[in-house]
Amino acid sequence: MSRPHSSSAPTGPASALRICPLCEATCGLTLTLEGGRVTGARGDRADVFSRGFVCPKGAAFGELDADPDRLARPLVRHDGQLRETGWDEAFAAVARGLGPVVEEYGPQAVATVLGNPNAHTMAGALYPPLLIGALGSRNVFTASTLDQMPKHVSSGLLYGDAMAVPVPDLDRTDHLLMIGANPLDSNGSLCTAPDFPGRLKALRRRGGRLVVIDPRRTRTAALADRYVAIRPGADALLLFAVVHTLFAEGLVRPGPLDAHLTGVAEVRRLAGDFTPEAVTGACDVPAEEIRALARELAAAPRAAVYGRIGSTTVAFGTLTSWLIDVLNILTGNLDRPGGAMFPLSATAAAPRPPRPGRGFALGRWHSRVGGHPEAKSELPVAALAEEIDTPGEGQVRALVSIAANPVLSAPNGDRLDRALAGLDFMVSVDPYLNETARHAHVVLPPPPPSRSAHFDFTFNAFAVRNQVRYTRPPVHLGDDRPDEAEILARLVLCAGGHPGADHRSVDTSVITRTLGKAVTDPLSPVHGHDPAALAGRLTGLTGAERRLDLMLRLGPYGEGFGADPDGLTLEKLLAHPHGIDLGPLTPRVPELLRTRSGKIELCPEPLVGEVLRLRRSLEEDAAAPDSLVLVGRRHLRSNNSWMHNVPALTGGSNRCTLQVHPEDAARLGLLDGGAARVTGDGGTVEVPVEITDTVRRGVVSLPHGWGHDRPGTRLSVAAGTPGVNVNALSDGTRLDPLSGTAVLNGYPVRVTPVTLAPLPTTP
């Protein structure tokens, strides 16, 4: 199977379409190409979803694509040094490194860590599950436990499917309540919405209301009709008081959802102790303002409650995520236009008749050292270091890292840094030699995004409008370099003990298994057909494209291999280069429910225990009046630890500073532009001070993803302004117990000024 390529190089400037892979907004771009390079990027005005919107990251696509620090060839460690080598030699080194570890210690001695960028590439969505299966190890760690895992857990418990995550129907709602979300800087998350700022402004223009709950007066909060400056970490208490008010004032009206609900009475009982007066001290929000939040939400014709990373990376992240859906359900706003709805992507499983499912289980296995329960087959990435550096049976001795940089993104990065240095073997799939990849024995760099195809398997499942778009590589890859799909497929073969097999066999095997299952399913449009004949009808220039064609054909809008001639195929999608609009979100309950009861289980047992823990925290709340708690923040010009190496995206607001309220700064003796020493459970950092009233009193803010000062990396721009690693302040022991998510927001720190030593006096 040949790689896609153009027949001849263009002689002058040309244009090509590409979906932007740099954040969750998935905007369509029009690239300017000259001499095989991207020299410009602008928004694609004809894109069916983004309509020409572009942010600074997308505009800098060409500079990021051509970053001279990106690796072009694989690296293999010889005599302690990483040196360039050929691709065949690199994969031979992977096989030599993984094989002996598995033979001597078994598959559990190998761990996989998956980073956030996997969700932003086509290959990153298709192949890691196959790799994990080939390794046969339960030691899987992902960026989800540094981000959104609480939402997956609460969705799993409520709906029986951890991927059934409702999103706000932004374009039709009348009232949007956001907690811990700042989409004007993040561009949206677990809510794929190009031009999120424009959509919020449109909400207000049509007479709608925007409410923002956040300890920082973010750019998003500046747009709000009501802004609530909550004390960090008190999100669950505040939302429970809103639930209490709905019951106390007779405002609970689930509407048509009532027929699909269990547990309403139990939630009412649990909310009994959380009166607005009981939580006001812990939240630092007046009781009447809490009641106003409840009344406005209940009175709105169409409303949605939406929370993001500020509400998930806290001590009660899963409970907060659950309460957000509880509010949408109790007010009748779940699964209805203008409320919180469930997208249906073009590559999802086709809808089936409503039926009970197997439900969602937590803790089917536990980590070896800390005993942390799995969630969605993943273990807390905060536990990775202890799994590597703690001797004993089952100790992790080899690591496969794909697009991950946990040395910066996970708590206690110094310990993990030391642990990685002691591994028997490590392979990293990464375009950069970053703080984590520098420890690898083999580094396999995927090509730049201009040389990669793009389909959003992940983010279309969270889109505020159903649509489908696909872009082939705008620039010819070259016959001497594998694409990311081939790299990961060959890694799958190495993990499975077949390093010499043809990489195309990986995709062929998936297609064969998928069709073999489909033809035996009475509800499938291909039931009873010959799977080999069906496979022969698939189109596509690569194995990944053929798999995409298969998923489109069997998906909810697909042609089903002829069952619906008007349905989707890859060929039809390619004929619409700006995408195909599949329409607004539509109600999907009860067909999406997979709980054992076949209903929305509003009060699942694991969350009852969390409510008891929350009640105890309320009773024990006695924060010192002068204590400080830390929160993170997002930057529009970066994405976690990405893009700090792109000159066009540095400077401006994209700085690593400690934001402090003026009154706290005066009390602590901090000076704007001076330095502060910040100490947490895990360590101390020194960082420049930025005095601003955009943070509330008692709160300091330090951005995530910085700390590019370790030796052995090849990030020349980032190393020039390294910043400090906020996660060095955490020792990794603060976790949301149900999801294993690290507490990155709302934990106590101590801040003192850094005083310079006096200059020596002249004798």
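P590 lies in the loop between strand 19 (580–583) and strand 20. In this predicted model, the peptide bond joining V589 and P590 is cis, with omega about 15 degrees. Most peptide bonds are trans.

Two residues other than glycine carry a positive phi. For R51, phi is about 55 degrees. R51 sits in the loop between strand 3 (37–43) and helix 1 (56–59). Its relative accessibility is 55%, so R51 counts as exposed. The cut-off for exposed is over 50%. For A403, phi is near 55 degrees, again positive in a residue that is not a glycine. A403 belongs to the loop between strand 15 (398–402) and helix 16 (406–409). Here the relative accessibility is 18%, and A403 therefore counts as buried. The cut-off for buried is under 20%. Most residues other than glycine have a negative phi.

T436 occupies the loop between strand 16 (425–429) and strand 17 (442–444). Its relative accessibility is 0%, so T436 counts as buried. Residues up to four places away in sequence aside, T436 touches S401, A404, N405, P406, V407, L420 and M426. With one of these, N405, the side chain of T436 forms a polar contact of 2.7 Å. L420 is also on the contact list. T436 and L420 are 16 residues apart along the chain, and their C-alpha atoms are separated by 8.0 Å.

Helix 6 (residues 149–159) is mostly covered, with 11 of its 11 residues buried. The buried set comprises M149, P150, K151, H152, V153, S154, S155, G156, L157, L158 and Y159. After helix 6 comes G160, with a positive phi near 85 degrees.

Two helix pairs were examined for packing. The crossing of helix 9 past helix 10 is left-handed. Helix 9 contributes F240, V243, H244 and F247 to the contact, and helix 10 contributes V264, V267, R268, L270 and A271. By class, this contact of helix 9 with helix 10 holds 7 nonpolar, 1 polar and 1 charged residues. An α-helix has 3.6 residues a turn, so residues three or four places apart point the same way.

The second pair is helix 19 (residues 504–518) and helix 21 (residues 543–554). Their axes are 9 Å apart, and the packing angle is about 15 degrees. Helix 19 is therefore roughly parallel to helix 21. The cut-off for roughly parallel is under 35 degrees. Helix 19, too, passes helix 21 in a left-handed crossing. From helix 19, the contact draws on D507, T508, V510, I511, T514, L515 and A518. From helix 21, the contact draws on G543, A544, R546, R547, L550 and L554. The residues of this contact of helix 19 with helix 21 divide into 7 nonpolar, 3 polar and 3 charged.

Technical notes
Residues numbered from 1 in each chain as written. Predicted model: local features only at pLDDT ≥ 70, side-chain atom pairs only at ≥ 80, totals over all residues. Heavy atoms only, no water. Left-handed = near helix turned anticlockwise from the far one by under 90°. Helix = DSSP H or I, 4+ residues; strand = E, 2+ residues; numbered from the N terminus. Contact = heavy atoms within 4.5 Å. Nonpolar A, V, L, I, M, F, W, Y, C, P; charged D, E, K, R; others polar. Buried < 20%, exposed > 50% of the residue type's maximum accessible area, 1.4 Å probe, protein only. Polar contact = N/O pair within 3.5 Å; in protein donor to acceptor, adjacent residues only side chain to side chain. Axes fitted to C-alpha atoms, helices over the stretch in contact; angles between N-to-C directions. Parallel < 35°, antiparallel > 145°, perpendicular 65-115°, else oblique.
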